[in-house]
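Thanks for coming. Please have the structure up.

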Amino acid sequence: MTRRILICSGTGCVSSGAKAVSHVLAEKLQAKGMSEKFEIIKTGCHGFCEQGPIVIVEPEEIFYCRVEEGDIDEILDSTLEKGQIVERLLFKDPNTKEAFNTFHDIPFYKKQMRLSLKNCGHMNPENIDEYLENKGYSALEKVLKDFSQVKTIEEVKASGLRGRGGGGFPTGLKWEFTYKSQSDKKYVVCNADEGDPGAFMDRSILEGDPHALIEGMLICGYAIGADEGYVYVRAEYPLAINRLEIAIAQAEERGYLGDNILGTDFSFKLKIKAGAGAFVCGEETALLTSIEGNRGMPRVRPPFPAVKGLWDKPTNINNVETFANIPVIFREGAKWYSKIGTEKSKGTKVFALTGKVNNTGLAEVPMGITMREIIFDIAGGIKDGKEFKAVQIGGPSGGCLPPEKLDLSIDYDSLIEAGAMMGSGGLVVMDQDTCMVDLARFFLSFTQKESCGKCTPCREGTKRMLEILNRITEGEGKPTDIDTLKSLAKTIKSTSLCGLGQTAPNPVLSTLNYFYDEYEAHIEHKRCPAGVCPELLSFSIVEDNCKGCTVCKKACPVEAISGEVKKPHTIDPVTCIKCGACVEKCKFNAISKG
């Protein structure tokens, strides 16, 4: 029997050297005459991105992380030939230092419930046979055989699935609107324009399980009466596009795409549209405008796409994760699916965990899990033993939540009530060294640059808000700035044309709500409590701590530090450019940046 060696070949692991690891392993297996005993499977993302490249040896499911070319000989000799585990390549918990043999035991995976990510990291995404072996396209066959269009839509409604792209609109209801629209032509569109900084949920599904997306779109096409679909994907995702192209070609060859699918009257064709990377094209009407060949700018709604969408025809738009849940619903049943999650937020949600946590990567968790469980159980807590300060959830349009919200249930309504939003699933964790005013400035800077400029509130309003935040972080803030920020935010939210402008002020409003004291410190006391904003810092030597080691003096790029060996040094405040290089190098906590 041939044993499998899974090598994560998603973008993260590829960037860490997975291709070289795979190549060397293949060469050495060939040289040892072991090629027929072991099959190398290049998978999609396994989720634990920080630990890549990841290698899993089956059937024991031994989980090796951060594997390099030089580790292959030891894996061959110890594990593949002698059945022994290479301890140094196992994942070790950064807090307890405990080592784990399989991924099932690793805390990062223990509280996860992988539905849309079920196949990612466990099969070759470029081989349709592996998808079929995992019950692939069985949901489509079931729908075409046993379900009418109306019954298909009712099953999706009964599941309670809500759109995973940000708004959380009930998926079945959206399908129903499009189904009821009268037209000679309808479209299904997948929004894979994942523009949030640090978000890569959709990319990982496209790279690791592209047929799940195709199957979900096919079922949607059948339900609403569409015979054509588009996947709008970022051009910056070349690997995802390549694997999707391969999957589409294979599905066409096997009769899952094209005319008279599986011998029925249902026909469906699928095309890929590569987007140019505009964040605003994540808004559905701007996305449709871009597919049509025009500059991606939002349209006035109503009419909504379900009535007048792509080329003025009824169009249903969902994102990758939403479509990937559809085959699960029909394989397992809406009743089974609806038991997962909370009363109004069913199923699971994939989050991209980034920031100051020990374990970054992708995690799929049941709705209703708490923020504390995600950050401290799955993500392994805060790096370097520092204190948790805030979490930004929902991407640049989301909100920042403080420690007192750690036990908040993760669901659409609870997050909105707390001043944040689910968004597409970006989750950025901040520690004690983060300046919340500067963070709000950073996210607003992103959305301001990405504004298409079509409507005045977003184009001009975000620019004015950003100017105020820049002043505050530079020590030029005025007491009236807070009221001005709130007033501008209210106007922008209520009058902007699309979701980009309507949510752009969220990071500012949430930080004002939960971290008002930091704004006050910047404005009233001209001080940055986190020691981040350069214009509000003053670097000086703490004489009692300084050992005269000269490390800070050597690190200073402008020679602002002077002093003799083994004697306390001094910093010239006029010459100092406040770059922080001295602080980073000092091992004795001898530099104050108050």
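Let me start with Ser 116, which has a relative accessibility of 2% and therefore counts as buried. By buried I mean under 20% relative accessible area, with exposed over 50% and partly exposed in between, using a 1.4 Å probe and protein chains only. Ser 116 sits in the loop between helix H4 (107-110) and helix H5 (128-133). Helices here are DSSP runs of H or I of at least four residues, strands are E runs of at least two, and both are numbered from the N terminus.

Before going on, the caveats. This is a predicted model, where local features need pLDDT of at least 70, side-chain atom pairs count only at pLDDT 80 or more, and totals for chains, interfaces and linings use all residues. Residues are numbered from 1 along each chain as its sequence is written, and side-chain values use heavy atoms, with hydrogens and water left out.

Which residues is Ser 116 in contact with, leaving aside neighbours within four places in sequence? They are Ile 205, Glu 321, Ala 324, Asn 325, Val 350 and Glu 364, where contact means heavy atoms within 4.5 Å.

Ile 205 also turns up with Pro 210, whose other contacts beyond four places in sequence are Pro 125, Arg 243, Leu 244 and Ala 247. Pro 210 belongs to helix H10 (residues 210-224) and is buried, at 1% relative accessible area. Its C-alpha atom is separated by 17 Å from that of Ile 317, 107 residues apart along the chain.

Now the cores. A nonpolar core is a set of buried Ala, Val, Leu, Ile, Met, Phe, Trp, Tyr and Cys residues joined through side-chain atoms within 4.5 Å. The largest has 71 residues, and Phe 63, Tyr 64, Met 371 and Leu 401 have the most contacts inside it. Helix H2 (residues 18-31) gives the most to this core, with 5 residues. Apart from it lies another core of 64 residues, including Val 143, Tyr 237, Tyr 256 and Phe 323.

Last, the whole protein. There are 24 helices and 19 strands. The radius of gyration is 26 Å, close to the 25 Å that the globule rule gives for 594 residues, so the protein is as compact as a globular protein of that length. That radius is taken over C-alpha atoms, and the rule is 2.2 Å times the number of residues to the power 0.38. Of the 594 residues, 56% count as buried.
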